[in-house]
Amino acid sequence: MKIKFKATWDPLIDTLRVEFLIVPCMVLALLINYQFTFMEVMWAFSVYLESVAILPQLFQLTRTGEAETITTHYLFALGAYRALYLVNWIYRYFVEHKVDGIAVVAGIVQTALYLDFFYVYFTKVLRGDKFKLPA
């Protein structure tokens, strides 16, 4: 991204260091997993990382204060996808009597990260206004 699309990348706006997301997710995966095997730790790491992977985009949105309509629709689709996972887990609990604690907690965290974005999306973008964060 920093090579092929370098002209579209602004280092003054993109200041979130991904190490602050990756390292805590790895530590959490090492501490909280179902089995201390390579595959289980990597699975837990991927679930934890997925739950916070949207933060760089949301952080950049807060730095610029606005976004193109297509970008907001894309972010909404990502958030809706994760919110539908919550419905899936509720269904699986009642039908299969299974609960995946790691996935459920990570999904709740990710959906919670989207709540502010969802609010602005529903109150502005769906009314036809440009996505602009309140000052």
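## Fold and surface at a glance

Of the contacts in the protein (heavy atoms within 4.5 Å) with a separation of 6 or more, 63% join residues 24 or more positions apart. This is a predicted model, where local features need pLDDT of at least 70, side-chain atom pairs count only at pLDDT 80 or more, and totals for chains, interfaces and linings use all residues. Residues are numbered from 1 along each chain as its sequence is written, and side-chain values use heavy atoms, with hydrogens and water left out.

As for the layout, the protein has five helices and two strands, running α-α-α-β-α-α-β from the N terminus. Here helices (H or I, at least four residues) and strands (E, at least two) are DSSP runs, numbered from the N terminus.

Some overall values:

| Property | Value |
|---|---|
| Box filled by the C-alpha atoms, along the principal axes | roughly 45 × 35 × 25 Å |
| Accessible surface (Shrake-Rupley, 1.4 Å probe) | about 9,300 Å² |
| Carbon and sulfur share of that surface | 68% |
| Buried residues (under 20% relative accessible area, 1.4 Å probe, protein chains only) | 25% of the 135 residues |

Val23, Val27, Leu28, Leu30, Leu31, Ile32 and Phe36 make a nonpolar surface patch of about 680 Å². One of the patch members, Leu31, sits in helix H1 (residues 19-31). Leu31 is exposed (over 50%), at a relative accessible area of 68%.

Definitions and conventions:
Patches are made of residues with over 30% relative accessible area and no salt bridge: like charges are joined within 9 Å, nonpolar side chains (Val, Leu, Ile, Met, Phe, Trp, Tyr) within 5 Å. A salt bridge is a side-chain nitrogen of Lys or Arg within 4 Å of a carboxyl oxygen of Asp or Glu.
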